[in-house]
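This briefing goes with the sequence and structure shown below. Please keep both in view while reading the points that follow.

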Amino acid sequence: MVDALVEVHRVLAPGGILVDARPDSRVPAYAERRKPRGFQRYGVVNTSRLELANDRASDRAISLVVREGLFKRTRGGRFWHRVPFSDLAELRKYLWEHLRFVHRAEWVVGVATRKHHANDQFVIRRAVRYELLEALPSRI
Amino acid sequence: MSSVANDSVGDLGRHVPALSSALRPHPLDELREWGGSPLVRGKRVLDLGCGDGRLALGVARFATRVEGIDPDPAAVAAAKRNARKAGVRNVRFAAGAAQHLPYPDAAFDLVILSWTL
């Protein structure tokens, strides 16, 4: 990762901007049912342990190149993104097959409620973080 | 703030992360969060880990030129197809590794690592 960031610094003009955007595993994702107006939270979806480790490695790589004086942090933030599913079964299948999240949501509604609305549309709402970094002139 | 697509995910992207555009925010929504079109306007842009070109093609209308690079040749082929389909002319895609970028020094004003690092 650090190698790639050093290479990014090489191809960026001084003062150029690097955008690093990725899912924010520091906050949980949510399984939500789409209602006529808005969404209802049905469960919490945690990030898998492997992905948490990957995200921490990415954070460390960014911190290192900032510390080494290749980049300067200029701005960052977070926004929410919803991944849509046609019904609850599709959401469950996605969780089971996708590597980013743990395979089962922690439901906050009862079985009866889930069954009653199983054919409704669902989403996974997850946070995306981003950071803008300015390329500093090389000191070499 | 958040974006909600109307189409569900289907099978796309479950097994092939590079082709998982359906799982990602719309490129213009993402760009708006980062600061909007001024971030890209008139710039030479590199989309590193471009996958099927979702973001590269999304921001191409604002940029002078966009290069997309991805280690997955299948994803790059998909990106080229998508570019042809969209009629976007200022975007080029290539297969390659982030550790050895085939571009000269200071070739870009903006590098995007979207869901890549």
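**A predicted model of chains A and B**

Ile124(A) belongs to strand β6 of chain A, and the description starts from this residue in what is a predicted model.

**Around Ile124(A)**

- Ile124(A) has 24 other C-beta atoms within 10 Å, and because a residue counts as buried at 20 or more, Ile124(A) is buried.
- When residues up to four places away in sequence are left out, Ile124(A) touches Ala29(A), Ala31(A), Val45(A), Val83(A) and Leu91(A).
- Leu95(A) is 29 residues away from Ile124(A) along the chain, and the C-alpha atoms of the two are separated by 9.7 Å.

**Helix α2(A)**

- The 19 residues of α2(A), at 1.5 Å a residue, should span 27 Å, and this agrees with its end C-alpha atoms, which are 27 Å apart.
- Gly69(A), which follows α2(A), has a positive phi, near 85°.

**Where chain A meets chain B**

- In the contact between the two chains, 36 residues of chain A are in contact with 34 residues of chain B.
- The elements of chain A that give two or more residues to the side touching chain B include α1 (2-11), β1 (12-23) and β6 (122-135), and β1(A) gives the most, with 9 residues.
- This side of chain A is made up of 21 nonpolar, 6 polar and 9 charged residues.
- β1(A) also pairs with strand β5 (residues 108-114) of chain B, in the parallel sense and over 6 bridges, and Val19(A) stands opposite Ile112(B) in β5(B).

Notes: Residues numbered from 1 in each chain as written. Chains lettered and ligands numbered in written order. Predicted model: local features only at pLDDT ≥ 70, side-chain atom pairs only at ≥ 80, totals over all residues. Contact = placed C-beta atoms within 7 Å. Helix = DSSP H or I, 4+ residues; strand = E, 2+ residues; numbered from the N terminus. Nonpolar A, V, L, I, M, F, W, Y, C, P; charged D, E, K, R; others polar. Pairing = 2+ DSSP bridges. Expected span 1.5 Å × (residues − 1). Buried ≥ 20, exposed ≤ 12 C-beta atoms within 10 Å, placed from the backbone.
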